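Subject: Structure for your records

Hello,

Here is the structure you will be working from. Please look it over first; my notes on what was found follow below it.

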Amino acid sequence: MLKNLYREFQQIFYGFGVPFVSTTPRQMEILLEHLNLDNNSVFYDIGCWDGRVISQIAKNFPNTRCVWYESSPYPFSLAKKHQGIKNLELFRDSIFKVWLGHATHIYLYMVPYMTRIIFKKIQSECKAWTKVYIKSHTIPGILISKTIPLSQKNNLYIYTI
Ligand SMILES: C[S@@+](CC[C@H](N)C(=O)[O-])C[C@H]1O[C@@H](n2cnc3c(N)ncnc32)[C@H](O)[C@@H]1O
């Protein structure tokens, strides 16, 4: 109970109210099927909760640099267990304080208003052809490169900058 209250409190102040929910193992499998990464790729998970998505990607693509930013201390403390993976870099920082221009692939699972704000940042900082994988939400007025069904009600949207 106290742990949950503490978590909520931290989420409000560090995560702008973005809930601590994760991509499920089945959705993760589908994401992996649609990723084509090599040693020139740099994959970012923006707001990665306990690191389950980015650690899976780092293990499946050992030659790809995988970077994860998480602003809240509680998820960051959970994600530290993945720190031994050699191609995985974890940073406890808000995504709004860092430059995203190194990324070639970005995974984003946030609430809609945050998704839109972060997408604008990606557009202004990232190179052309950067792939953005957005779980659940679309960006109004931007052409979707591909829609991948994750379940009956949920999709993964791929955008190309
Ligand atoms: C919905 S969870 C997604 C977790 C993970 N990407 C996944 O799919 O399993 C969103 C995460 O974003 C984090 N977050 C919210 N605002 C952030 C910010 N400004 N910078 C970095 N992380 C942030 C939250 O703390 C939360 O852990």
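Two strands count as paired if DSSP finds at least two bridges between them. Helices (H or I, at least four residues) and strands (E, at least two) are DSSP runs, numbered from the N terminus. With those terms in hand, Lys-131 stands opposite Thr-160 in β7.

Two points on the source. This is a predicted model, in which local features need pLDDT of at least 70 and side-chain atom pairs count only at pLDDT 80 or more, while totals for chains, interfaces and linings use all residues. Residues are numbered from 1 along each chain as its sequence is written.

Overall make-up

The protein has five helices and seven strands. Along the sequence they come in the pattern α-α-β-α-β-α-β-β-α-β-β-β. A residue is called buried if 20 or more other C-beta atoms lie within 10 Å of its own, exposed if 12 or fewer, and partly exposed in between, with C-beta atoms placed from the backbone. By that rule, 32% of the 161 residues are buried. Two residues are in contact if their C-beta atoms, placed from the backbone, lie within 7 Å. Of the contacts with a separation of 6 or more, 59% are between residues 24 or more positions apart.

The sheet

Seven strands form an open sheet with mixed pairing, in the order β3-β2-β1-β4-β5-β7-β6. Its edge strands, β3 (88-92) and β6 (146-149), each pair on one side only. Neighbouring strands are turned by 15 degrees against each other on average, direction ignored; the axes used are lines fitted to C-alpha atoms, for helices over the stretch in contact, and angles run from 0 to 180 degrees between N-to-C directions.

Individual pairings are as follows:

- β1 and β4 are parallel, with four bridges, and Asp-45 stands opposite Tyr-107 in β4.
- β5 and β7 (residues 155-160) run antiparallel and are joined by five bridges.
- β6 and β7 also run antiparallel, through four bridges, with Thr-147 opposite Tyr-157 in β7. These two strands form a hairpin with five residues between them.

Leaving aside neighbours within four places in sequence, the contacts of Tyr-133 are Leu-31, Ile-106, Tyr-107, Leu-108, Leu-156 and Ile-158.

Helix α5 (residues 112-125) has 14 residues and reaches 20 Å from its first C-alpha to its last, close to the 20 Å expected at 1.5 Å a residue; the expected span is 1.5 Å times one less than the number of residues. Buried in α5 are Thr-115, Ile-118, Phe-119 and Ile-122. Seen down the helix axis, the buried residues fall within an arc of 110 degrees, so they line one face of α5; the arc is that of the directions from the axis to the C-beta atoms. On the other side, Tyr-113, Lys-120 and Ser-124 are exposed. The cover over the buried residues of α5 includes β1 (42-46), β4 (105-108) and β5 (131-135).

In helix α3 (residues 52-60), the buried residues are Val-53, Ile-54, Ser-55, Ile-57 and Ala-58. Their cover includes α2 (25-33), β1, β2 (65-70), β3 and β4.

Regards
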